[in-house]
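Here's a quick tour of a protein model, written for someone new to reading structures. Keep the 3D view open and click along as you go.

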Amino acid sequence: MKHDAILNCLQGCLLPDWDKLPDFGLYMDQMITLVNRSFPGIERQIDLTPSMINNYVKAGLMDKPLGKKYSREAIAQLLIIIQLKLTTPMDLMKTLLHPENGTETKDLYMLFRQCQEQVIVRYQDEETAPRLMYALKSSALQLITRLSDD
């Protein structure tokens, strides 16, 4: 994949602004539609199903629905899970999504989005960077993440 195509993909994966997330409950099918619309260009790779969402709830990764409706916080948690699930083990995701210091979901979501924006800016500036460099950076950052959890 060429640099511009990857950049478009990164930009298409940028989480929506917090204020653009629905502030009312969504049913399961609405959640799936929202997730697919939130990540244009990679929705086929997501392949989100109701059973996946149920498993995320059972695993404690996201908040339980209230009366079959998911809150804004649960929507935000699911969007982050979709981003992390390819590279991050579920137990680490749980720690990240529900830190012991009690950080609010809104603050975590906004921090995650800010980090995404930084990655996009850096990628724009590193057009000629080899894939190996990205693999090494990713590996080092994953190691830091795992070590800091202990």
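This is a predicted model: local features need pLDDT of at least 70, side-chain atom pairs count only at pLDDT 80 or more; totals for chains, interfaces and linings use all residues.

**The whole protein**

- Start at the N terminus and walk along: the elements run α-α-α-α-α-α-α-α.
- Of the 150 residues in the protein, 33% are buried.
- Take the contacts between residues at least 6 apart in sequence: 69% of them join residues at least 24 apart.

**Helix α5 on its own**

- Helix α5 covers residues 72–84, which gives it 13 residues.
- From its first C-alpha to its last, α5 reaches 19 Å, close to the 18 Å expected at 1.5 Å a residue.
- How many of the 13 residues of α5 are buried? The count is 11, and α5 is mostly covered.
- Among those buried residues are Arg72, Ala74, Ile75, Leu78, Ile81 and Ile82.

**How α5 meets α7**

- Here's a handy bit of background: two packed helices are described by the angle between their axes and the distance between the axes.
- For α5 and α7 (residues 105–125), the axes come within 10 Å and cross at roughly 35°.
- The crossing of α5 past α7 is left-handed.
- On the α5 side, the residues that meet α7 are Glu73, Ala76, Gln77, Leu79, Ile80, Gln83 and Leu84.
- On the α7 side, look for Thr105, Tyr109, Phe112 and Gln116.
- Sort the residues of this contact by type and you get six nonpolar, four polar and one charged.

- Thr105 lies in helix α7.
- Is Thr105 buried or exposed? Its relative accessibility is 14%, so Thr105 counts as buried, the cut-off for buried being under 20%.
- The side chains of Thr105 and Gln77 are joined by a polar contact of 3.3 Å.
- Skip the neighbours within four places in sequence, and Thr105 is in contact with Trp18, Glu73, Ala76 and Gln77.

**Ser38, at the end of α2**

- You'll find Ser38 in helix α2, which takes in residues 28–38.
- Ser38 counts as buried because its relative accessibility is 10%.
- What does the side chain of Ser38 reach? It reaches the backbone oxygen of Leu34, at 2.7 Å.
- Leaving out neighbours within four places in sequence, Ser38 is in contact with Gly12, Leu14, Pro16 and Leu79. Leu79 is also one of the α5 residues that meet α7.

**Lys68, out in a loop**

- Lys68 is found in the loop between α4 (50–58) and α5.
- With a relative accessible area of 65%, Lys68 is exposed.
- Compare sequence with space for Lys68 and Gly25: they are 43 residues apart in sequence and 8.5 Å apart, C-alpha to C-alpha.
- Most residues other than glycine have a negative phi. Lys68 isn't a glycine, yet its phi is positive, at about 70°.

Terms used:
Residues are numbered from 1 along each chain as its sequence is written. Side-chain values use heavy atoms; hydrogens and water are left out. Axes are lines fitted to C-alpha atoms, for helices over the stretch in contact, and angles run from 0 to 180 degrees between N-to-C directions. Helices (H or I, at least four residues) and strands (E, at least two) are DSSP runs, numbered from the N terminus. A crossing is left-handed if the near helix is turned anticlockwise from the far one by less than a right angle, and right-handed if clockwise. Contact means heavy atoms within 4.5 Å. Ala, Val, Leu, Ile, Met, Phe, Trp, Tyr, Cys and Pro count as nonpolar, Asp, Glu, Lys and Arg as charged, and the others, Gly among them, as polar. Buried means under 20% relative accessible area, exposed over 50%, partly exposed in between (1.4 Å probe, protein chains only). A polar contact is a pair of N or O atoms within 3.5 Å; within protein, one must be able to donate a hydrogen and the other to accept it, and residues adjacent in sequence count only if both atoms are side-chain atoms. The expected span of a helix is 1.5 Å times one less than its number of residues.
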